[in-house]
Amino acid sequence: VSVSLNKYLFQPKETVVIEGKATKESGESLEGNVNLEIDGKSYRTVLEDGKFSFTFNLSENIAPGIHTIKVIVNDSYGNHGEKNITFNVTAVPSFLLVEVSNKSVFPNTTFSIIPKLLDQAKGIMKDWVAVKITRKKLFAKETFLEKIVRSNEPILFRFSKETEPGNYKVEVSYQEMKNETIVEVLPLEKISVVMEGNTIVFENVGNVPYKRTVEIKFEGKIN
């Protein structure tokens, strides 16, 4: 049994043409059936005058890498022959995702961003992906992060303590592919109190005005 393909490197959804010949040891052509096993699926065609041809299309989500076609030939006299042939499928960037560890964060709190570039079978691709964090403000756009990272590698990011409450867009892009998610910066009403000599210093360490009542207690004797 001899087998050949129309080519040996394919993209998803492309057409594969298998052609083959089968002869007896004497050189006489065989007539019979041909069974083809490809990625767990079975197909059948007919061997005529010692030759066969079979065509099929690859699925759009076929896994990248090496695939094997097993060809089994049988005739009515019990003659049997087998042949394996392999072809390769290219990994095609097909999905772009973005994951964040927290959808809502307080300022000055670290969270992670994971961009994920996936191939047609949803396997991780280790290519470079652009990551941005932006926010629209009136007629302008503020950019808080702009970085190129490997797919599936986390980025740790922390908004400064002065960052205003609101929604911030986390964008990922790869060539013409884009995706985004929203992270909300929560309002934080907080102050720090420090005694410097005889002076009490209040500092707003939150991201909104502090409007609560502050109670000060003095302990000990007042001269």
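This is a predicted model: local features need pLDDT of at least 70, side-chain atom pairs count only at pLDDT 80 or more; totals for chains, interfaces and linings use all residues.
View 1. Of the 223 residues in the chain, 31% are buried.

**View 2. Overall dimensions of the chain.** The C-alpha trace spans about 120 × 40 × 20 Å along its principal axes. The radius of gyration is 33 Å. For a compact globule of 223 residues, a value near 17 Å would apply.

**View 3. Strands and contacts.** Take the contacts between residues at least 6 apart in sequence: 54% of them join residues at least 24 apart.

**View 4. An open sheet of five strands.** The strand order is E2-E8-E7-E4-E5, with mixed pairing. Strand E2 (9-10) and strand E5 (41-47) stand at the edges. Each has a single partner strand, so one side of each is left without a neighbour in the sheet.

**View 5. The pairing of E7 with E8.** Strand E7 covers residues 65-75, and strand E8 covers residues 80-89. The two run antiparallel and are joined by 10 bridges. Within this view, Lys 70 stands opposite Asn 84 in E8.

**View 6. Charged side chains of the chain.** There are 29 positive and 29 negative side chains. The centres of the two sets lie 7 Å apart.

Note on methods
Residues are numbered from 1 along each chain as its sequence is written. Side-chain values use heavy atoms; hydrogens and water are left out. The radius of gyration is taken over C-alpha atoms; the globule rule is 2.2 Å times the number of residues to the power 0.38. Buried means under 20% relative accessible area, exposed over 50%, partly exposed in between (1.4 Å probe, protein chains only). Contact means heavy atoms within 4.5 Å. Lys and Arg count as positive and Asp and Glu as negative; His and the chain ends are not counted. The place of a charge is taken as NZ of Lys, CZ of Arg, CG of Asp or CD of Glu. Two strands pair if DSSP finds at least two bridges between them. Helices (H or I, at least four residues) and strands (E, at least two) are DSSP runs, numbered from the N terminus.
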